[in-house]
Amino acid sequence: MSSCRVGLHLAACLLNISEARKKSIVENIAKAALLERNGQRHPEVSVLNVFSDPEYNRSVITIAASIDELGLAENLVLSVPGCSVFLFGEADLPEKRPLVQRRKQLGWFTRRDFSTLKSDLGAAPARRCGLTACFRAL
């Protein structure tokens, strides 16, 4: 982060992508997270890490941003077709549910039909592919 303001509240985002073998796709999604709606680079958004596992064809992109920039989720939904976003922690207003509770309520690990799952923003996640983002205020 380029800011050194005391008391800056951060939000973390973990983007889980069903792609790791096509590096350009993963890189384009990471770049989309850094841009504002007007296409300019956002000064308070950083990609902290990109981890790709080609064997399982999965990638995780870790992003940090000012909590004031939770519009990042909306930007991703607009920039990446098929993106689904689930909010938890401080970003999950007004409930502020922790990730474990959200996953249990959604039946995340036991669900077989993902087409009926309602995301907070964007499309319903696909069973075999897609991009799912979880946002949490730190």
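In this predicted model, K23 forms a salt bridge with E27, and the closest N and O atoms of the pair are 3.8 Å apart. The term salt bridge is used here for a side-chain nitrogen of Lys or Arg within 4 Å of a carboxyl oxygen of Asp or Glu. Both K23 and E27 lie in helix α1, four residues apart, which is about one turn of the helix. K23 is exposed, with a relative accessible area of 59%, while E27 counts as partly exposed at 35% relative accessibility. For these words, buried means under 20% relative accessible area, exposed means over 50%, and partly exposed is in between, with a 1.4 Å probe and protein chains only.

The structure holds two salt bridges, and the other joins the side chains of R102 and D120, at 2.9 Å from N to O. R102 lies in helix α3 (residues 99–106) and D120 in the loop between α3 and β5 (121–122), so this pair ties together parts that are 18 residues apart in sequence. R102 counts as buried, at 5% relative accessibility, whereas D120 is partly exposed, with a relative accessible area of 31%.

The source of the model sets some limits: it is a prediction, in which local features need pLDDT of at least 70 and side-chain atom pairs count only at pLDDT 80 or more, while totals for chains, interfaces and linings use all residues. Residues are numbered from 1 along each chain as its sequence is written, and side-chain values use heavy atoms, with hydrogens and water left out.

The loop between α3 and β5 also contains S119, which counts as buried at 3% relative accessibility. A polar atom of the S119 side chain lies 3.0 Å from the backbone oxygen of L121, and a polar atom of that side chain is also 3.0 Å from the backbone oxygen of G122. Leaving aside neighbours within four places in sequence, S119 is in contact (heavy atoms within 4.5 Å) with S84, V85, F86 and A124.

Strand β4 holds C83, a residue that counts as buried at 2% relative accessibility. C83 and P125 are 42 residues apart in sequence, yet their C-alpha atoms are 7.4 Å apart in space.

What lies at the centre of the nonpolar packing? The largest nonpolar core has 20 residues, and those with the most contacts inside it are L15, I29, I61, I63, L76 and V80. Such a core is a set of buried Ala, Val, Leu, Ile, Met, Phe, Trp, Tyr and Cys residues joined through side-chain atoms within 4.5 Å. At least two residues of this core come from each of β1 (10–17), α1 (23–33), β3 (58–66), α2 (71–79) and β4 (83–88), and α1 gives the most, with five residues. The core also draws at least three residues from each of domain 1 (9–70) and domain 2 (71–137), where the domain bounds come from an automatic or database domain assignment.

Two residues stand out for their backbone angles. Most residues other than glycine have a negative phi.

| Residue | Phi | Place | Relative accessibility |

Helices (H or I, at least four residues) and strands (E, at least two) are DSSP runs, numbered from the N terminus. Of the 138 residues of the protein, 39% count as buried. Among the contacts with a separation of 6 or more, 65% are between residues 24 or more positions apart. The protein exposes about 8,200 Å², of which carbon and sulfur atoms supply 54%, and these accessible areas come from the Shrake-Rupley method with a 1.4 Å probe.

Technical notes:
A polar contact is a pair of N or O atoms within 3.5 Å; within protein, one must be able to donate a hydrogen and the other to accept it, and residues adjacent in sequence count only if both atoms are side-chain atoms.
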